[in-house]
Amino acid sequence: MHLEQVTPFYTWLQDPEVIEYSLSTFQQLKTPQQIDQWFAATLAQANSLNLGIYLTETNALIGYAGLSGISTTNHAGEYFIFVGEKAQWGKGVGTAVTKQILQLAFTTHHLNRVMLTVSERNTGGLRAYAKAGFVVEGRLREAACRRGVFHDKIVMSVLKADWQLPGVAGC
């Protein structure tokens, strides 16, 4: 992604439904200037992989995904995905992108472990991650607060050895 691709985030981050299960930071970003600063800082992180999600037919940016906190010492990173275009929800985009990022994580970046946290209420995300090979490791009790209500976050991971099993690695 490039700095000039920030424009769709102005709309996406103003929609409470789009950001409900996303980064806590998204709950605080209100102005284009704040979004610009966050976007620039995100793209500048040396230990992260930030890739745009584009529609094949039109090449339109519909979100972004990648790995944060990549540790070359521990061969690990944390997966994230954000699909801002609601019209693309429920179409398998999350599963497909998750599998593609895992492919990069385990081959190009030589990671051994990729983890994530997901809101227990994000049932679509939970399904997509499980289809991509993630397994539940545990629960962070009342780790998120949205709309004044606390809820748990589920910790999931996939190991390179698990990902390489037949039926798990393919896209």
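These are my notebook entries on a predicted model.

**Ground rules**

I number residues from 1 along each chain as its sequence is written. The model is predicted, so I take local features only at pLDDT of at least 70 and side-chain atom pairs only at pLDDT 80 or more, while totals for chains, interfaces and linings use all residues, and side-chain values use heavy atoms, with hydrogens and water left out.

**Entry 1: the sheet**

I looked up the strands first. Helices (H or I, at least four residues) and strands (E, at least two) are DSSP runs, numbered from the N terminus. Two strands pair if DSSP finds at least two bridges between them. I found an open sheet of six strands in the order β1-β2-β3-β4-β6-β5, with mixed pairing. Which strands stand at the edges? They are β1 (49-54) and β5 (135-146). Each has a single partner strand, so one side of each is left without a neighbour in the sheet. From one strand to the next, the twist averages 25°. Angles here run from 0 to 180 degrees between N-to-C directions, and axes are lines fitted to C-alpha atoms, for helices over the stretch in contact.

**Entry 2: strand by strand**

I noted a general point before going on. Strands of a sheet pair through backbone hydrogen bonds, either parallel or antiparallel.

I then went through the pairs. β2 (residues 61-71) and β3 (residues 76-83) are antiparallel, with seven bridges. A65 has I81 in β3 as its bridge partner. β3 and β4 run parallel and are joined by three bridges. There, G77 has V114 in β4 as its bridge partner. β4 and β6 are antiparallel over seven bridges. V114 has V158 in β6 as its bridge partner.

Is β4 largely enclosed or left open? Five of its seven residues are buried, so β4 is largely enclosed by the rest of the structure. I use buried for under 20% relative accessible area, exposed for over 50%, and partly exposed for in between (1.4 Å probe, protein chains only).

**Entry 3: the helix across the sheet**

I followed helix α4 (residues 93-106) next. α4 lies across β1, β2, β3, β4 (113-119) and β6 (149-159). Its direction is at about 155° to β3. β3, α4 and β4 make a right-handed β-α-β unit. Right-handed means that, with the strands pointing away from the viewer, the path from the first strand over the helix to the second runs clockwise.

**Entry 4: the cores**

A nonpolar core is a set of buried Ala, Val, Leu, Ile, Met, Phe, Trp, Tyr and Cys residues joined through side-chain atoms within 4.5 Å. The largest one has 26 residues. Which residues have the most contacts inside it? I listed L67, Y79, L102, V114 and F134. β1, β2, β3, α4, β4 and β6 each supply at least two residues of this core. α4 gives the most, with six residues.

I checked the contacts of V114 (heavy atoms within 4.5 Å). Leaving out residues up to four places away in sequence, V114 touches, among others, L67, G77, Y79, L102 and F134. A second, separate core has 16 residues, including F9, I19, F26 and L29.

**Entry 5: aromatic rings**

Rings of Phe, Tyr and Trp (its six-membered ring) pair if their centres lie within 6.5 Å; planes under 30 degrees apart count as stacked, over 60 as edge-to-face and the rest as tilted. I get 16 aromatic pairs by this rule.

F9 and F82 are stacked, 6.2 Å centre to centre with 15° between the planes. F9 is in helix α1 (residues 7-12) and F82 in strand β3, 73 residues apart. F9 is buried at a relative accessible area of 0%. F82 is buried at 3%.

Y79 and F134 have ring centres 6.1 Å apart and planes at 35°, so the pair is tilted. Y79 is in β3, while F134 is in the loop between α5 (123-131) and β5, 55 residues apart. Both Y79 and F134 are buried.

I also found one aromatic cluster formed by F9, W12, F26, W38, F39, Y64, F80 and F82.

**Entry 6: two single residues**

H2 is in the segment before α1. Beyond its neighbours within four places in sequence, H2 is in contact with F39 and L43.

Q88 is in the loop between β3 and α4. Is Q88 buried or exposed? Q88 is buried, with a relative accessible area of 15%.
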